[in-house]
Each structure stands twice: as structure tokens, then as C-alpha cells.
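Subject: Handover of the structure

Dear colleague,

I am passing the structure on to you with this message, and below it you will find my notes on what turned up in it. Please read them with the coordinates open beside you.

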Amino acid sequence: MVNTGYFNQAILQFPVDMRNQVLIIGGGLSGLSAAIHAIGHGIKPVILEKNRHLGGRVRSLFSADIETIIDNGQHVLSAAYHETKNLLIKIGSIDQIYFQKNFEAAFARGINSQIYFRTVPLPSPWNFFVPLLKHRRFTGIPFRDFIHFVQKTRNPDSVLLEKMSVAEWLDYCSQGSAIRKLLWHPLCYSILNTPPQQGSAFLLFRAISASFLGPSSQSGLGIPLNWLSEIFAGPAQKYIEKFGGEIHHFTAVKRIKVEGSKIQKIVTNKSEFAAPHVIMAIPPFSLLALLENSPVNILNDIRQWMNQLKYHPIMTINFYLKEELPFQFPLLLISSPFHWIFPHPKMEQETKLAGYAAVISAAHYYNDYSRDEMINLLASELSKLSGANHEIVKFKIVTEKRATVSQDTVFLKKRPAFETEIENLFLAGDWVNTGLPATIEGAVLSGKLAVEAMLRKSSISGSI
Ligand SMILES: Cc1cc2nc3c(=O)[nH]c(=O)nc-3n(C[C@H](O)[C@H](O)[C@H](O)COP(=O)(O)OP(=O)(O)OC[C@H]3O[C@@H](n4cnc5c(N)ncnc54)[C@H](O)[C@@H]3O)c2cc1C
């Protein structure tokens, strides 16, 4: 007899109307967001997640090597992440993120070559450019670069932007090497996790417009004050379960069964699930693997594109010192292998060591470096900046190999919509076409838009 898993058990126990349930594959932020929005429409979400943890690429873990909790990688939000903020308000953890009122960060290049940068209350982009001009001795940016940028971006041509890499766009805006090194390249690595030669100008400009070219209050960074799982996955799980949603951990979807124009069954490592409505909230490489295992011919229009996608790693070195570093934070490093250093959100209670995260985005170059080589590189960068030697008491390197898709012009070309040719299949995930870069905000928005697409297309209606 076919075991139809949760749904049949549920039907045996309660007369649940199957039309009012949605099966969500993947418990990352896009899946959690879809579940929370489904609840908002009175629809019961059932999440199938292959791992023990929820949160996907935004999670905390206990590292046995250094006997402490760390995050899988430093995450920073933006005050312009409106969907994420709304979600955090709903699940009750918005106070666990510190949102700066305006953008602030320390920039460092070496000893005696550091500034603390704050935007000023002027219309954008002058709120950024005026303080950069004020620090001209540090930045070396000529005034003409600002003027060229303003002239070229006043009426941006989105067709042109869609075709250009960030490097080409900076050429087009006649940006010199100083402003590239200090501003545009760090923004490109931080937002797109893609080198400027490949990164999509359209996506970078889209993110910059939302955060830095809008009202000054949108420019602030959002810095986690707690471990990521305490902010996202933990409170989201509580919320979903409180409102009658189901979460199945260690439940990997292996195959999908399609009949006619509908998915009939979802086959997992544990059982089969009937599938009245399905939101796939998994990355493209997982979706491809799933399609290869499934004797179905669907999503042909994007399969070839998904095969062409590349991914970039992010490396985070969590390191611990006896004394605090003598810098202001967050610290943006100029002309260094490391892009940012952030203090850990919590001090280790027992050891009282000061913990930090040093981040390298698009970190392919360091793939073959050993742990010792990386930690020596970090120690030498720290002493270049402070003029002192810092004894690194312990460390843990976490490399997320496929941290994000390469956000280049190939990626931009064919990002799929939320609806698919299969009547009851919808897509979510940071890679789906939200118009935003593949970030937390993109993932959260995609979950909401996938639920809205499902409501538009199907006869599903709410009852919980
Ligand atoms: C180190 C690092 C740093 C980052 N920094 C930032 C940052 O500072 N700011 C920012 O905005 N963004 C950042 N990002 C990007 C951000 O984390 C992602 O955009 C976002 O988390 C993607 O969420 P998602 O739900 O689309 O995908 P995922 O988080 O990948 O979720 C997919 C889920 O599906 C599950 N799954 C996959 N296949 C199956 C299957 N067959 N069956 C069941 N479950 C399955 C996975 O286990 C996973 O839980 C960073 C990412 C990394 C890795």
C-alpha cells in the first residue's frame, strides 16, 4: 500500500480540507516566509526540510572544534529590507537586529589610514558623497567622479543596465580607480557576492537605488544582535507551529510525480505526500537534481539556464582574541583579501574571549589555501591595521561553497516567475524573479509572492 505520509495520517485523524494546505519544499527563509504568508491567508503550510535545522543559508551551528556557537556566515541587512522587517515584526524578533538610522561604518587601509564614515542629512546621493569629499585625503576621490555618476544615473537606461557588468557600468559612468576601490567594489562584493567584472550592473543599481539613492533613513545597515537562528528560524518555527503549520525535518524530497498538468505526489526519503499545492523553495541546483530523479518533463524552459548558473563561495573566519580589537565596527577593509570584520553578536560567557567574523565574499581565490595559510593571512592583515600582533586563541573557518548564485548577466536573463506551467507548482527562493539581488530580502519577498501567485491561480481558500 502506498504510504501517503502526513496528509493521510491527518485525514484519518481530522477531516482536513486538502485544498486548504500547501506543501512547501525547503525551510530556508523563502520557505519560512511562504509558510508565514500562507498562514496570513488562512492556509495551512506543511514544510518538508531535508536538514535538522531550518533557516537554510541563514543559520547558527555549534562548532565542536571550538566548543561554541557560531553563524554559518555573517549576515547584514539593510534598512530598506521592508519585507524582512515586516516578517521579523510578525515573528517577534525585530528587536534582535540593530538598524542604523543612517549608514555608518569604519573604513581602514592601514595604520593611521582609517576613517569613521557617516552619511549626512542631505538628499541622496550627496548624503554619501559629501562625507566622502570631506575625507578626501583618505579617499583620494576626485570631485568629477561624483558629478559623472550623478549625470549618468539621473535617468538610468534599464535596457542598457541589464546588458552590462558592474565593471562596464563603472566605465560608462567614468568612475576612477579610487572610488571603485573604496565604494563600488566593496558594494558589489557585499551585495552581489560576485566580482565586478561579472556582477550585473542592473542588480547592483537596483539595490543601491533602494538603500542609498532613496531617503537617507533607508541607507542604514541592519546588524544582528543575536545568533541568526535565534532571530530567524527559531521564532519562525514557533510562529508557524502556533498557527497550525507543520514542519517535517530530515525530510528530503527525492522525486515529484506529475500527471497531466498537475503534481500528484511528492516522494521523500520517508514517504509519499499528496500534493494539492506545492511551493518549491529550494536553490536551482537542488531543483535540477530533483527534476533529474523525476520521470517528468517539466520546467524545460529554465532547465538549460539552471544548468548554466554558477555559484560563488563566502568564507567566514570566526576568530577569538584575549583583548578586543582597537577598531570601530563594522569595519570595511580597503585593498585587503578580507572585505569586512564584524564583532560576534555575543561574547563567550565562560572564556570572555572577544569573537569576530572576518568575511571574504566571492572567495574562489582562496579555495586551495590551507587553514594555517588563511589564519596567517588574517593575523598579518590585523597587524597591518593596528600595528600590533594579536594572538588568535582559537578560530573556525566556515566556507559556504554555494553561498549565492553568481549574480551576473546570465543569471539576470531568465530568472523564472513564481507560477510555472504546472498548475499547482509555484517557485520561491532568492533566485526567482523578484527583481532584487539574491539576498535575505529577495528570499523573503519570493515566499510572499509565491503564495500570492498560488492564490491567484488556484481555487485554494483560507480556513485556519
Ligand atoms: C555565508 C553567507 C553570507 C550571506 N550574507 C548575506 C548578507 O549579509 N545579507 C543578505 O541579505 N544575504 C546574505 N546571504 C544570502 C542569503 O543567506 C540567501 O539569499 C537566503 O538565505 C536564501 O534563502 P532561500 O530560502 O532562497 O534558500 P536556502 O536558504 O538555500 O533554503 C533552501 C532550503 O531548502 C532545503 N532543501 C534543498 N533541497 C531540498 C529537498 N530536496 N528536500 C527538502 N529540502 C530541501 C535546504 O536544506 C534549505 O534549508 C548570505 C549567504 C551566505 C551563505
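Directly after helix α3 comes glycine 92, whose phi is positive, near 85°. Please bear in mind throughout that this is a predicted model. Within α3 itself, which spans residues 82-91, the buried residues are Glu83, Thr84, Leu87, Leu88 and Ile91; seen down the helix axis they fall within an arc of 135°, so they line one face of the helix. What that face packs against is a set of five elements, namely α2, β5 (77-78), β6 (97-99), α12 and α17.

In α13 the buried residues are Pro284, Leu287 and Leu290, and because they cover an arc of only 120° around the axis, they sit on the same side of α13. These buried residues pack against β11, β14 (278-280), α14 (300-308) and β19. In the loop between α13 and α14 lies leucine 299, a residue other than glycine with a positive phi, near 55°; it has 20 C-beta neighbours inside 10 Å and therefore counts as buried.

Turning to the ligand, 37 residues surround it, and the closest of them are Gly26, Gly28, Gly56, Gly73 and Thr439. The elements that give two or more residues to this shell are α2 (29-40), α13 (284-293), β15 (311-321), β19 (394-405) and α17 (440-457). By class, the shell is made up of 16 nonpolar, 15 polar and 6 charged residues.

The domain assignment divides the chain into domain 1 (5-58 + 232-309 + 410-457), domain 2 (60-75 + 89-97 + 312-403) and domain 3 (120-218). The C-alpha centres of domain 1 and domain 2 are 32 Å apart, and in the contact between them 8 residues of domain 1 meet 9 residues of domain 2.

Setting aside residues up to four places away in sequence, valine 278 touches Leu23, Ile25, Ile263, Ile266, Asn424, Leu425 and Phe426.

Apart from residues up to four places away in sequence, alanine 358 touches Ile317, Phe319, Phe338, Ile341 and Leu378, while its C-alpha atom is separated by 13 Å from that of asparagine 376, 18 residues away along the chain. Lysine 254, in strand β11 (residues 253-259), has 14 C-beta neighbours inside 10 Å and so counts as partly exposed. Leaving aside neighbours within four places in sequence, lysine 254 is in contact with Val267, Thr268, Asn269 and Asn293, and its C-alpha atom lies 9.9 Å from that of glutamate 272, which is 18 residues away along the chain.

Finally, some points of backbone geometry. The peptide bond from serine 124 to proline 125 is cis, with omega near 0°, and proline 125 is found in the loop between β8 (113-118) and α4 (126-134). The bond from phenylalanine 329 to proline 330 is likewise cis, with omega near -5°, and proline 330 belongs to the loop between β15 and β16 (331-333). Glutamate 67, in the loop between β3 (60-63) and β4 (68-71), is a residue other than glycine with a positive phi, near 50°; with 11 C-beta neighbours inside 10 Å, glutamate 67 counts as exposed.

Note on methods
Residues numbered from 1 in each chain as written. Predicted model: local features only at pLDDT ≥ 70, side-chain atom pairs only at ≥ 80, totals over all residues. Near = placed C-beta within 6 Å. Helix = DSSP H or I, 4+ residues; strand = E, 2+ residues; numbered from the N terminus. Nonpolar A, V, L, I, M, F, W, Y, C, P; charged D, E, K, R; others polar. Domains from an automatic or database assignment. Contact = placed C-beta atoms within 7 Å. Buried ≥ 20, exposed ≤ 12 C-beta atoms within 10 Å, placed from the backbone. Arc of directions from axis to C-beta.
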